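Subject: Structure for your review

Dear colleague,

Please find below the structure that I am handing over to you. My notes on what was found in it follow.

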Amino acid sequence: MPSDIPPHIHGKDLPKGMKKSTISVTCDHLEKMLHVANHGEFSFFSDEPEKMGGENEFPAPLTYIASGIGFWLLTNMKRYASMKKISIKSARVKVELDFFLSGSIVGENIESGVSEVRSFFEVSSEEDFEDILSVIKLAKKGCFAESLVIKAVPLQSICIINGKKVDNI
């Protein structure tokens, strides 16, 4: 069965060499816990539940992180399946993040983190089991979001308060 993505879209393999890109998203506070993110022609919102001071009208920020992992895994799976001429009938990825927050605002000693991330694939296809498993493994290897969880990367944090720049806070 052919892929539902035309072969000319992705070709047969990744481009030679290493491709480097930057994605930029600008986030603005609107009111209460409502925030908007802008990326090119797209805008999307985050909020918090009422118990956190929000209106619970949009997903919470951490939901977008989990969704990003799932979306990227699915995107890679479909892309790589197309390249290998493998048909996927349906696919679902469930992502779970265990997170924590501790410390004190008064004591200025807050600690937060994610202690574990789990992804669960469910794929339906008439293709060979090993071929599908190969595509899933490739999708995981090519997933920037999972890679960001697995490998620590440098974080440059710059803050501007009333026009004064503060580096590496």
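Where is the place of Ser104? Ser104 is in the loop between strand S4 (90-102) and S5. Helices (H or I, at least four residues) and strands (E, at least two) are DSSP runs, numbered from the N terminus.

Before the details, two remarks on the source are needed. This is a predicted model, in which local features need pLDDT of at least 70 and side-chain atom pairs count only at pLDDT 80 or more, while totals for chains, interfaces and linings use all residues. Residues are numbered from 1 along each chain as its sequence is written, and side-chain values use heavy atoms, with hydrogens and water left out.

The loop residue

Ser104 is partly exposed, with a relative accessible area of 27%; buried means under 20%, exposed over 50%, and partly exposed in between (1.4 Å probe, protein chains only). The side chain of Ser104 reaches the backbone nitrogen of Gly107 at 2.8 Å. Leaving aside neighbours within four places in sequence, Ser104 is in contact (heavy atoms within 4.5 Å) with Asn109 and Ile110. From Phe44, Ser104 is 60 residues away in sequence and 31 Å away in space, C-alpha to C-alpha.

The strands

Phe44 belongs to S3, where this residue stands opposite Ala37. Strand S2 (residues 34-39) and strand S3 (residues 42-46) pair in the antiparallel sense over five bridges; two strands pair if DSSP finds at least two bridges between them. S2 and S3 form a hairpin with two residues between them, and Gly40 in the turn has a positive phi of about 60°.

S2 is also joined to strand S1 (residues 26-31) by five bridges, and these two strands run antiparallel. The bridge partner of Glu31 in S2 is Leu34. This hairpin, too, has two residues between its strands, and Lys32 in the turn has a positive phi of about 45°.

The helix

Helix H3 (residues 129-141) has 13 residues. From first C-alpha to last, H3 reaches 18 Å, close to the 18 Å expected at 1.5 Å a residue; the expected span is 1.5 Å times one less than the number of residues. Which residues of H3 are buried? They are Ile132, Val135, Ile136 and Ala139. These residues cover an arc of only 100° around the axis, which puts them on the same side of H3; the arc is that of the directions from the helix axis to the C-beta atoms. The buried residues of H3 pack against helix H2 (61-83) and strand S5 (111-124).

Yours sincerely

Terms used: A polar contact is a pair of N or O atoms within 3.5 Å; within protein, one must be able to donate a hydrogen and the other to accept it, and residues adjacent in sequence count only if both atoms are side-chain atoms.
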